[in-house]
Structure formats: C-alpha cells, structure tokens
Amino acid sequence: MLKIVVSSDLHLRSSYPKPEADRSTFSFKQKITRSGPFQFAAHKLLVPAYEKITSREANLKPHVGVEEFSASKLRIADSFSRTGADFAVFNGDFFDLSRTTPGRDRVRQEDVLHAGRDLIDNVGLPVLFLPGNSDGLHKDDIYETLDDLSFVNNNAWDRVKEVADTDYEPSRDDYGNFSFKIQNCLVIGLNSVPPGEFKFPDDFNYTFMEQALSSCKKNVPVLVFTHHAPFRVLPWYFQAIGEGIPAQTWLLEEGGILNHHVQKTGKPVLVTSGHCHQWLYEKGTDGISRLCNLPLSVSRGNIGVLVKADDEVIKIEKVRINQ
Ligand SMILES: [Fe+2]
C-alpha cells in the first residue's frame with residue numbers, strides 16, 4: 001500500500017525584520033487589504049471571531065519563528081519518518097515571505113532556507129515541495145523561489161523517481177508541476193498560483209494535468225496535490241476579502257477532467273490542498289475526495305495527514321507530532 005505524508009502551511013518566519021514594501025507597486029486590492037485599518041479589522045476582529053464560532057478545526061495564524069522551529073526540528077523530522085511513508089508532499093506556504101516587491105525578501109530568505117534544509121536533511125524520506133503564495137513568489141522572481149524550494153527539498157525529485165513505476169515517464173515542468181506513477185497510483189502536483197498574476201499562460205496547469213492523465217495507460221487511482229483549494233473551504237466573508245478563494249475549479253467541474261477519469265476508470269481520486277488553514281475532508285458522491293489540511297504546527301501538535309492508497313481505496317489519517 002502506498003503511503004504519503006501530506007503537510008502544509010508551516011509559515012516559517014525569518015528572524016530578520018520585515019523591510020518596508022514598495023507600496024507604489026501595489027494593485028488597488030493590495031492597497032486596501034494591506035492597509036492598517038483593514039489588517040486590524042481582519043486579524044484582531046474577524047479572525048478571532050471566526051475561530052470562536054467555527055465548528056471546524058482551524059489554525060488561522062500558524063506562523064513560527066526560525067529559533068522556535070529549529071528547537072523542534074528533530075521532533076518534527078521524527079514525526080515524518082515514523083509514519084513509514086514512501087515520501088511526503090509539502091503543499092505550499094513552507095515559508096512566511098512576501099510577494100509584494102521583487103527581491104525584497106532575499107535577506108529574510110537566508111535563515112529560513114537553511115532552517116528548512118536542516119529539517120529536511122533529518123527527515124528519513126523524500127519531501128516534494130509545491131509553492132504557496134507565502135513562499136516569496138513574485139512575478140519577477142518566481143523561478144528563484146522554485147530554486148529555493150528545490151534547495152530545501154534535497155534532491156527529493158531524484159529520490160522519488162528512483163522508486164517510481166517504470167511503465168510511466170515521470171514529468172516535471174518549469175512551473176514546479178510534477179507527475180509520476182508509484183505502486184500503481186498516479187501522483188500529480190500542481191503549482192496553483194494565479195497564472196494572470198505571474199504572467200503564466202492561463203492553461204499552464206490544465207495542459208500539464210491533461211498530459212499527466214492521458215500518459216497513464218492503466219486505470220489507476222489519482223492523488224492530486226495543490227496549494228490553493230479548488231473547492232470552497234472558508235465562508236463567504238473570507239472570500240470577500242480575497243482569502244481562500246477556490247482556484248483551478250476546472251479540476252472538480254462536473255464532466256471535467258477528474259470527473260471523467262472516475263467515470264472511465266472507476267478508480268478513486270483524492271484532491272488535497274492547504275492555504276485555508278482549516279480542516280475539511282469530504283468524500284464526494286462523484287468519487288472524488290476533497291481534503292484541506294491543517295497547518296503544520298508544533299504548538300498544536302499537528303504534522304498533517306497520512307494518505308494510504310491501493311488499487312481500490314484511498315484512506316487518510318491525521319499525523320500528530322511526536323511528543
Ligand atoms: Fe497560502
């Protein structure tokens with residue numbers, strides 16, 4: 001049985017102070033959502049109120065500093081390793097950096113990069129990283145950020161390819177999308193940043209997804225990993241302020257690409273995401289399960305979930321931190 005640890009949203013914060021952003025480059029939406037009154041209303045009023053009334057488990061402010069994180073790294077690494085998983089996927093927002101000004105976070109990236117690499121060096125399994133919106137992505141240095149994640153993951157892609165099934169050609173593109181088949185399950189990772197914002201082609205993910213599915217000649221379960229949820233997790237008032245808006249909704253459209261796969265093959269599909277910092281797990285009547293992970297948090301004792309998949313079934317269980 002294939003086992004994958006899925007984790008996300010650590011929001012590892014540099015010990016260097018945040019430099020002032022160049023507000024002249026902000027879009028109108030950024031000017032509003034990054035203003036003092038807006039930040040106060042959202043984080044001092046809306047978020048605490050939401051955490052109080054929600055019936056779902058949430059951790060809307062999971063940020064952790066480098067020093068605190070480094071003190072816990074061996075416990076975190078051990079929690080990954082002892083699951084006995086074949087590999088792990090980190091579903092975005094490993095770092096807590098900005099994307100508002102190009103190059104602004106270069107200094108702040110140094111200590112978080114090395115703290116991240118230090119963790120991964122101690123994890124006894126390959127960890128594949130997908131980018132999230134807090135990983136320092138900016139349209140002018142997107143590839144630098146992908147390089148940073150590649151540095152942290154310590155050759156995870158090469159290690160995973162070694163154990164992948166040989167009847168499917170593993171694939172990875174310049175945007176960080178990847179696909180491979182392992183133990184008769186198809187694994188697909190998608191970079192879910194808004195393409196318009198980063199001057200990517202609109203269909204950069206759709207094309208990759210279509211190719212990944214059509215290249216698989218066997219009827220197999222599919223596991224999709226992505227940062228932004230392609231389904232609704234947070235309520236409307238968060239969407240109104242630009243948080244947790246579903247992305248890549250074409251993934252789960254009725255009659256869409258995954259729906260078609262389930263109907264054609266009869267095999268289960270799981271779509272996992274992070275970003276919303278709230279727990280959601282639903283087994284859809286369409287044969288597609290939807291999962292939104294809680295953040296990796298030492299203080300909350302949460303690592304993520306262990307996905308177990310074989311030819312017929314996909315199951316999940318929560319992974320707690322080793323106390
Ligand atoms: Fe995010």
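Modeller: The open sheet has 5 strands in the order β5-β4-β1-β13-β14, and its pairing is mixed. This is a predicted model, in which local features need pLDDT of at least 70 and side-chain atom pairs count only at pLDDT 80 or more, while totals for chains, interfaces and linings use all residues. Residues are numbered from 1 along each chain as its sequence is written.

Biologist: What makes β5 and β14 the edge strands?

Modeller: Strands are DSSP runs of E with at least two residues, and helices are runs of H or I with at least four, numbered from the N terminus. Two strands pair if DSSP finds at least two bridges between them. Strand β5 (127–129) and strand β14 (314–320) each pair on one side only, and they are the edge strands.

Biologist: How do you know that β1 and β4 pair?

Modeller: The definition asks for at least two bridges, and 4 bridges join β1 (residues 2–7) to β4 (residues 87–90), so these parallel strands pair. Ser7 stands opposite Phe90 in β4.

Biologist: Why is Asp93 called buried?

Modeller: A residue is buried if 20 or more other C-beta atoms, placed from the backbone, lie within 10 Å of its own, exposed if 12 or fewer, and partly exposed in between. Asp93 has 26 C-beta neighbours inside 10 Å, and therefore counts as buried. Asp93 is found in the loop between β4 and α4 (106–122).

Biologist: What makes the phi of Asp93 worth noting?

Modeller: Most residues other than glycine have a negative phi. The phi of Asp93, a residue other than glycine, is positive, near 60 degrees.
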